[in-house]
Amino acid sequence: MHLRIRTEASPDFPAIYDLVAAAFEHKAEANLVNAIRESSNYIPELSLVAEIDGHVRGHVMISWVTLRSAGTELPVPLLAPLAVAPPHQRQGIGGELTRRACAAADAMQLPMVLLEGDPGYYGRFGFEPASEHGIELPLPDWAPREAGQILTLAAYDPGLVGTVAYPAYFAEAEAEREG
């Protein structure tokens, strides 16, 4: 298996859509990727694909969300979603995408990467509960508080605290999933 990680390009978009829909078994996350890409929150350098033999088999995206604190709003990076084609899952592709995306965010001198996800999975990449750093993510009722996670990067400032607010398209994706 020859794995290549690179930034996404517009010819990849249809394959990414199909891959994300297959990985999540629903089009809501694929539509979310498109909505992020069409917004001002899109960070092209932090949207990566994993190719195997010239075919897109994985995708990860880091985009801006808002950190609200003491009457101020600051853009902060959020990793979502991470998807790997079902036949290629559990082969390290998701981990490599996560590592590369976070390294690229660090190289851009971003202070952190936030996400909602399984602490057991993301903990191996250095993510830890965001609440321990004074950051609260709006988690679904069924999710444990530890699912809101942070990876602090070299430019991290412990004074960055507050509550994360997602753009409206995240709520639209949630409604589509439940609908």
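I take a residue as exposed when its relative accessible area is over 50%. Gln109, at 63%, is therefore exposed. The model I am reading is predicted.

Backbone, positive phi. I placed Gln109 in the loop between α3 (93–107) and β5. Its phi is near 60 degrees, a positive value in a residue other than glycine. I then turned to Asp53, in the loop between β2 and β3. Asp53 is not a glycine either, yet has a positive phi of about 50 degrees. With a relative accessible area of 59%, Asp53 is exposed.

Nonpolar cores. Which residues touch the most other members of the largest nonpolar core? I found Leu114, Ile135 and Phe170, out of 31 residues in that core. Elements that each supply at least two residues include α2 (28–37), β3 (55–69), β4 (72–84) and α5. The element that gives the most is α1, with five residues. I also noted a second, separate core of 24 residues, with Ala50, Leu79, Leu110 and Phe125 among them.

Leaving aside neighbours within four places in sequence, I listed Leu32, Ile36, Val65, Leu78 and Ala80 as contacts of Phe170. Pro81 belongs to strand β4.

Helix α5. I finished with Glu178, in helix α5 (residues 168–178). Glu178 counts as exposed, at 61% relative accessibility. Glu178 and Ala28 are 150 residues apart in sequence, and I noted a C-alpha to C-alpha distance of 9.4 Å between them.

Definitions and conventions: Residues are numbered from 1 along each chain as its sequence is written. This is a predicted model: local features need pLDDT of at least 70, side-chain atom pairs count only at pLDDT 80 or more; totals for chains, interfaces and linings use all residues. Side-chain values use heavy atoms; hydrogens and water are left out. Helices (H or I, at least four residues) and strands (E, at least two) are DSSP runs, numbered from the N terminus. Buried means under 20% relative accessible area, exposed over 50%, partly exposed in between (1.4 Å probe, protein chains only). A nonpolar core is a set of buried Ala, Val, Leu, Ile, Met, Phe, Trp, Tyr and Cys residues joined through side-chain atoms within 4.5 Å. Contact means heavy atoms within 4.5 Å.
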